[in-house]
Amino acid sequence: MKKNIFLLVIILGLNMAVFSAIVVNKSGPYYAGDSIGFNKTCHEGTSSTNTYWNWGDGTPNTTHSDDFDYGWQYHSYSKPGTYTITYYHGDYFVTPFPDCSPQTEAYTITIEENRYITSSPQSPLAGQLITFTAYNFQTPDNIKWDMGDGTILSINKPVRRGGRILGGNSVQYTYHAPGNYTVNAHDDNGNQKIPVSLSVTIAQPNRNIVYSPETNIRVDQPVYFGVTGFLTNVIDWNFGDGTINSSAGVTIMHRFQTAGTWMVTAKDSTVNHTPEQKQILILPENRSLIVSAPEIRLNEPIQITAMNFRGDLILWDFGDGKQESSGNIVNHIYEKDGTYTIKARDENGESLKEFTATIIVRGITDEVHLEIAEIRLDNGKYYKVVPRNSKDLKAVLR
């Protein structure tokens with residue numbers, strides 16, 4: 001009787017199917033690059049061969065020699081998508097053992113992408129420094145960056161491997177030409193070989209050279225230059241007349257000393273930009289001094305006019321030791337005879353150039369040398385005097 005009961009248990013065991021399933025070691029969501037654990041709930045022990053896991057993403061199967069409990073199997077998906085994992089229990093050859101049913105078990109999993117790249121600023125200009133940052137990458141210290149213009153970058157914890165330059169999760173880069181670029185980044189030594197992309201549009205900066213005054217600019221007149229749209233505050237200036245100011249500011253003053261058309265060039269000192277250029281017309285000098293008479297007598301006032309001077313105040317030097325600061329018209333009296341050079345220049349910094357005029361001052365001394373003296377009186381008498389030892393005719397009195 002006991003033998004019959006034992007045999008019945010064995011027969012029932014042979015006919016009893018143990019339903020298997022695939023379980024996951026953590027709840028979703030699941031992301032590309034995550035290491036996910038899978039296991040089966042039914043184990044046949046050593047009753048089968050050719051058991052394997054198929055991960056559904058084209059990677060090789062994970063095979064086992066038998067259906068024994070190998071524990072958790074881990075797999076990472078390199079890109080987002082929906083995948084079907086199957087486990088095959090193998091071919092049974094040892095009996096009697098409880099049968100896991102069904103022989104092939106399936107499980108569907110959805111892999112999402114949470115890696116992404118950002119750029120700052122979001123509307124960059126050619127020549128502007130841009131910061132790119134990668135988020136949720138598996139190997140943040142070993143990211144390969146392809147900037148879309150043939151450049152591979154490395155900034156944070158740079159590593160050179162196999163001729164490639166690897167970078168960290170944040171890099172900085174400058175595009176020197178406008179256009180559309182696709183930036184790619186991927187974990188270089190991780191499981192995520194599929195790159196994450198970011199499209200970047202690089203605009204041309206609206207750069208320009210401005211100057212004041214804009215018209216009727218004369219030789220030696222101060223011209224105030226500035227730039228707009230430049231990305232640095234350090235500018236290399238070339239005024240085309242032989243004057244170069246390197247590493248200057250965004251505003252600068254210049255005086256052209258020769259009339260003509262000059263090409264002014266401004267270039268960012270720290271950015272590889274095409275220089276900006278602008279033509280400027282410089283008119284000839286039109287300032288001068290005009291005197292009321294080229295010769296005057298002692299104590300006779302003379303008037304001097306400064307024509308087309310640029311400042312409100314003019315510094316006058318009359319050549320006799322006297323100076324004054326006044327307007328563009330002055331009067332002056334000389335107390336000694338002689339030849340004097342009058343000088344005038346703008347006093348308020350508009351120009352350091354001096355303009356001159358020459359004046360002759362005539363005078364009569366107490367000593368008069370006579371060659372012939374003629375005297376006519378009201379009564380009609382006439383006298384003519386010839387001095388003794390007379391040499392040169394110095395004056396004639398009538």
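How many bridges join strand E32 to E35? In this predicted model, 4 bridges join strand E32, residues 302-307, to E35, and the two run antiparallel.

**Sheet E30-E32-E35**
- Strands E30, E32 and E35 form an open sheet of 3 strands, in that order, with antiparallel pairing.
- The edges are strand E30 (288-291) and strand E35 (329-332), each of which pairs on one side only.
- On average, neighbouring strands of this sheet are turned by 25 degrees against each other, direction ignored.
- In general, strands of a sheet pair through backbone hydrogen bonds, either parallel or antiparallel.

- Tyr-74 belongs to strand E8, which covers residues 73-76.
- Tyr-74 counts as partly exposed because its relative accessible area is 49%, and the class of exposed residues starts over 50%.

- Val-361 lies in strand E37, residues 355-362.
- The relative accessible area of Val-361 is 3%, so this residue is buried, the cut-off being under 20%.
- Glu-295 is 66 residues away from Val-361 along the chain, yet their C-alpha atoms are separated by 5.8 Å.
- Leaving aside residues up to four places away in sequence, Val-361 touches Ile-296, Arg-297, Leu-298, Tyr-334, Lys-336, Asp-337, Gly-338 and Tyr-340.

Terms used. Residues numbered from 1 in each chain as written. Predicted model: local features only at pLDDT ≥ 70, side-chain atom pairs only at ≥ 80, totals over all residues. Heavy atoms only, no water. Pairing = 2+ DSSP bridges. Axes fitted to C-alpha atoms, helices over the stretch in contact; angles between N-to-C directions. Buried < 20%, exposed > 50% of the residue type's maximum accessible area, 1.4 Å probe, protein only. Contact = heavy atoms within 4.5 Å.
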